[in-house]
Protein chains: 2
Amino acid sequence: MGVFVGVAGLVAMAAVLWAAYSTWSVVRHSQGTDRMKEIQHYIRDGAYAFMLEEARVMAISMLIVGGVLGILFYWEVMVAFWIGSILSMAAGFVGMNAATLANGRTTEAARSSFKKALNVAFSGGTAMGMGVAGLALGGLALVIWLFRGDFAPETIGIETKTILGIPGADVNFIKAAIIVSAYSAGASLVALFDRVGGGIYTKAADMAADMVGKVELQLPEDDPRNPATIADNVGDNVGDVGGLGADLLESFIASIISVAIIGMYLYVGDIGEGEGIRQLIARYGVDIQEITSYWWMLLMPMLYVSGGIVSTLIAFAYIRLSRAQENMQPVLMNGTRIAAVLTVGLAALTTWLSPTNFVPFWCMLLGVASGIGIGFVSEYFTSSSYKPTQQLAESYQSGAAVGVTEGMAVGMMSSLWPCLIIGAAMVITYQVGGLLGTAFGALGMLSFVGMTVSVDSYGPIADNASGIATMSELDPSVRERTDALDAIGNTTAAIGKGFAIGSAAFAALALIAAYLWSAVGAAVDVTVPNIPLIGRTVDHHEVGSLVLAGMIVGGMVTYVFSSLLIRSVSRTANLMVQEIRRQFRENPDIMEGKTTPDYKRCITITASGATRQMVKPSALALGTPLVVGLIFGRFALAGFLVGALISAVVLAIYCANAGGAMDNAKKYVEEGHFGGKNSEAHAAGVTADTVGDPLKDTVGPSLDILIKLMSVVSLLFASLFPLSPFFM
Amino acid sequence: MGVFVGVAGLVAMAAVLWAAYSTWSVVRHSQGTDRMKEIQHYIRDGAYAFMLEEARVMAISMLIVGGVLGILFYWEVMVAFWIGSILSMAAGFVGMNAATLANGRTTEAARSSFKKALNVAFSGGTAMGMGVAGLALGGLALVIWLFRGDFAPETIGIETKTILGIPGADVNFIKAAIIVSAYSAGASLVALFDRVGGGIYTKAADMAADMVGKVELQLPEDDPRNPATIADNVGDNVGDVGGLGADLLESFIASIISVAIIGMYLYVGDIGEGEGIRQLIARYGVDIQEITSYWWMLLMPMLYVSGGIVSTLIAFAYIRLSRAQENMQPVLMNGTRIAAVLTVGLAALTTWLSPTNFVPFWCMLLGVASGIGIGFVSEYFTSSSYKPTQQLAESYQSGAAVGVTEGMAVGMMSSLWPCLIIGAAMVITYQVGGLLGTAFGALGMLSFVGMTVSVDSYGPIADNASGIATMSELDPSVRERTDALDAIGNTTAAIGKGFAIGSAAFAALALIAAYLWSAVGAAVDVTVPNIPLIGRTVDHHEVGSLVLAGMIVGGMVTYVFSSLLIRSVSRTANLMVQEIRRQFRENPDIMEGKTTPDYKRCITITASGATRQMVKPSALALGTPLVVGLIFGRFALAGFLVGALISAVVLAIYCANAGGAMDNAKKYVEEGHFGGKNSEAHAAGVTADTVGDPLKDTVGPSLDILIKLMSVVSLLFASLFPLSPFFM
């Protein structure tokens, strides 16, 4: 066991060191002119201020939730929860820090050469990617090492605890499972805050900047006279970079721990009649109830992802050393391919060294393939190189209403293949390796997360670099280079988005599966007429209707959550619109370019708005599974989670791709099609893009976390929930 | 048994006679001036032409599907299917006929008095309402009477049939259950065609009329110079009246037959270990396996709805005889209340006369209450008397993009209470009376369908009357009266819409429940480790993943179906826009009012477009459950249906209420708030309304049918589907 944790710990350390090295290699570059320095200073200050403000709110929540966990369960659970949440916050900070260091330096580098600019931007991205992967893996290794006694096969087993000393309030669980769930839950809750808060911030700033700047005053994008323009750039860093990092860190952890938890239950083997368990274990060619096999199954996911990190590092080296100067798109694509192939290769090696057969490997490989498949579908529906987006751009000619309607239709249609792929992957992994196989599939999708995050966060850095170029009034050729930089990340980024959605669905599924194992005594071990579970029984008659009712409520919560997010964005944007109008009204010099507007005030207003608005949706996400579980019991909660999953997966794909298609169709028009800039089609495109923006950047990504958070919270508190509703 | 069928038959006949009488009492009135006659003639001709065109397509589909059923099962199944589809078509025609007779006559009556106009419009509505209720009930009575041998307790039981004579292709089912399912499926398929075809027609015409007329040429609504204006009015009759009638007829039938089918399975009592069945039967205080009790359980739903029809007739009499002249809103509301209370009272009486205890009654009562509850929520979110719509109107001041976004948020939020109500009703009815209790709940929601349909179809008649007033260039005071007429139906209509969604969810649930009983051997009788079902067994390991994968695919199909519908609307609208532009271009006299435009051509283009476009979504709805069932087996299909149900219920509520709120917020602005007509807020409202229109009038209502059709098709073909996927 020490060896495994040691390997994982070393790889994690290497990743973190690489992140530090990347950050340092960014800092080495020049920040450019005084004007550029000033702007970078504003952005960096604004981003720090917001993330600190957010961290304050989070810290309070974390203290409370962690404390509750400590009181209900054990102090170890509390510590694991705090480690998870602190690391998740750290991942957000690391990424945001690197991004705000890299953006201006990328602009400065673009003044000399394209390749140099790419290197700076990409280094910023890799700092984030490696930071995320390293922190997640290192944290898990730390938790397992700290509480190794609880994970040891000699001591692990179903424990009984009397909650708050109340007689009769006995719950049963595996302590180690609760500990790793708490670790994951901590990361999840922070990720939700980051995604929701960052998502509200970035879109509110963007909308307000567009509404007053572009629409009312006809200012071009990123015009320095627009008071909201810096806030808009801050938004990219806190939403697209910070939020993304926390999100993927959390998916990564969730996929690892669900394998571990199912493995523990297989080892303890004490659920229902155990027949299904013995059959399942047989498929893996080992008896997991032997100590060596137990350790292998528990820690194999950590070895798989360690291989992913090593592969990603090699791919980075390839990208850095490549000689190409201008045509970097194939280099980035090749880098991603190298990372994927090496990850699969190292996983095969690990499996070969392990006592199990190749079942975990095949499941993991299918996960990798599904992720890539979903990524390509996203690209097809949202890239202006393909028909759907081009036709959408054409429909903009008929006005904004038709454009929005058609954009919604594109988004809805885009759910076809991803859902089929997810469904097929689920059935096949289950056939091959049971619930554990599905969990390995989720792991596969996330195994080279370092690469995905790096490419994804490189985009906002390039975007910011463009903004800084315009705001600093540099030569237009610089902006052209940074725009080209932004564009080449698009293809790889689309694949990355597909991974994020697919992996969220899979990770949530694996968590729900783990919940079913631990809470409902496994979906596979239901007996008639009563369901025996850890000493209690439940009337099976009520189960069907509770599950279905739970599903409908779960499906609904997804929509209510989305509604709250959309409202938060427009409320925050509204505050900012008033502020921008006030500045222009009270100080006409701004419009003439004689005075700089009060950027800081805009940043503060958005920050406090976003922080305030993120509380309600987060409370909904955290609270509803607890309420459903406590009042209506475990079966209703199982239905609730599945309903939310179904509803959220389809809605998230719809939101991401509808928004993406609307945005890119607008850009396609701007490139000169159907009348080009300032045509009617363009005006319709601007409206459609504004509608699509909160869908793709706030709702979609937050839904990814919503389902994972609700699942992991359910898993964590499962043992406290009654089997049947309290009123029955 | 004869007595029950006789009572139901007599009540059905009374309803149909009342529909005839209502139609006659409409025809008695004058059609008005020559210009009015001409316009009515156009609308009536256009509506007839479209519905006949549609009927042709439907007839072919019906012949084929019926023939397949005859070959696979028995000729009786084919006949039942045809009866169902013919009656559904007839219901659409009866309503459309009455509506196109009533619209102009309402305008004419409005020239003399408000009360008289209301009477004419409401008579048109009642013709539809009673026609729907009478035809549905009469058809079912006919089917049961025709094939009484198959329903008789002496002969009913699980039959085995060899499909197409292929050795080994044996299926097991209850013949009578297949017969009533086929009756319901016939009605469903026609309803889907009517809703989809009518929905595409009405919105395509509306969009095209608005896009060219209002936006490009600044013509007012219903301006006779607009070539699309008649097509727009035709659309109201074929979509809002014809489609609605077929839709509710189908819900009504589905809710009756699901009680009957579950009753039959309880009687045959041959599923699983039967333990659950005996427990369930005990709750009803009778042994359903006695012959008298069997007939009571089978036919009690028909008696309940007969009571509903009688109650509705009494409510009509109250409305007709009421002395109020101008303030009719309370009269209509009271009428609905009277219908509801009497229906409940008669149901209590029926229950008291029956050998069962009051369990079916309580479930039915809860259904009534839930329907009313959901109706009030719809009203709260979509009426401009309440905050959500008023705030939405306020947000229109910030432009179209914000308006659309906020409208979506309102729609999403509106799913909160309806889903909670549906979930609670499901759990409670299940607790009280098992699956049969849930089926009785669905029946309760639909028991006074005659009233709901009457009030709902009265709206489009009044709307058309307004159109005719403007097109005939009558005195503005006439339009004011007809507009007031339209407005007072709104509150009752909102409640009606709630009933439609709630009942669709419940009816689909009851059908899915019936499917589970008949196909999966009851969700409650799962044994470990293998599931015994009619002689075959299935490995329980694969079930979980198949069900989940089915759910995700089901959830996705809902979105793909919606996407197809939206595209169909915009494609058809596009054809029409080109035609309108052509007419104005080639004949400038139209704009000056010197020549009448070619209305007919617009009508024909929309009709052929809508007919062509309705094929793809209908094929999707009919085909996917068959494909999933045949290839992936019964468990995957069960998941598929549940996933589609969850996804469709929430999406349908969202679409209906988002569209309703956007529309009414626009009207609120037109009433003079936030700048009134021609303000910026109004322009934003027009765009938002255009986005919301296909959501509320095409997608939402079609989703209601989609889930019922997919469920009933699954129920019908269930016996043909393998237990496990063919590849396993």
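These legends accompany close-up views of a predicted model.

**View 1. Helix α13 of chain A, from end to end.** Welcome to residues 400–413 of chain A, which form helix α13. At 1.5 Å a residue, its 14 residues should span 20 Å, and the end C-alpha atoms are 20 Å apart, which agrees. Look around the helix as well: 14 of the 14 residues of α13(A) are buried, so the rest of the structure largely encloses it.

**View 2. Inside the largest nonpolar core.** Which residues touch the most other members of this core? They are A208(A) and A208(B), in a core of 559 residues. Taking A208(B) and setting aside its neighbours within four places in sequence, we find it in contact with A228(B), A573(B), M576(B), V577(B) and I580(B).

**View 3. Helix α1 of chain B beside helix α3.** Two packed helices are described by the angle between their axes and the distance between the axes. Here α1(B) (residues 2–27) and α3(B) (residues 75–112) pack at an angle of about 25 degrees, with their axes 9 Å apart. Angles under 35 degrees count as roughly parallel, so α1(B) is roughly parallel to α3(B). The crossing of these two helices, α1(B) and α3(B), is left-handed. On the α1(B) side, the contact is made by A19(B), S22(B), T23(B), V26(B) and V27(B). Facing them from α3(B) are V94(B), N97(B), A98(B), L101(B), A102(B) and R105(B).

**View 4. Helix α1 of chain B beside helix α9.** Now follow α1(B) to another partner, α9(B) (residues 291–321): the two axes come within 9 Å and cross at roughly 25 degrees. That angle makes α1(B) roughly parallel to α9(B). The crossing of α1(B) past α9(B) is left-handed. From α1(B), the residues taking part are F4(B), V7(B), A8(B), V11(B), A15(B) and W18(B). They meet W295(B), L299(B), M302(B), L303(B), S306(B), I309(B), V310(B) and L313(B) in α9(B).

**View 5. F674 in a loop of chain A.** Most residues other than glycine have a negative phi. F674(A) has a positive value, near 50 degrees. Find F674(A) in the loop between α19 (615–670) and α20 (680–717) of chain A. Is F674(A) buried or exposed? It counts as buried because it has 20 C-beta neighbours inside 10 Å.

**View 6. N678 in a loop of chain B.** In chain B, the loop between α19 (615–670) and α20 (680–717) holds N678(B). Phi of N678(B), a residue other than glycine, is positive and near 65 degrees. With 10 C-beta neighbours inside 10 Å, N678(B) counts as exposed.

Technical notes:
Residues numbered from 1 in each chain as written. Chains lettered and ligands numbered in written order. Predicted model: local features only at pLDDT ≥ 70, side-chain atom pairs only at ≥ 80, totals over all residues. Helix = DSSP H or I, 4+ residues; strand = E, 2+ residues; numbered from the N terminus. Expected span 1.5 Å × (residues − 1). Buried ≥ 20, exposed ≤ 12 C-beta atoms within 10 Å, placed from the backbone. Core = buried A, V, L, I, M, F, W, Y, C linked by C-beta atoms within 7 Å. Contact = placed C-beta atoms within 7 Å. Axes fitted to C-alpha atoms, helices over the stretch in contact; angles between N-to-C directions. Parallel < 35°, antiparallel > 145°, perpendicular 65-115°, else oblique. Left-handed = near helix turned anticlockwise from the far one by under 90°.
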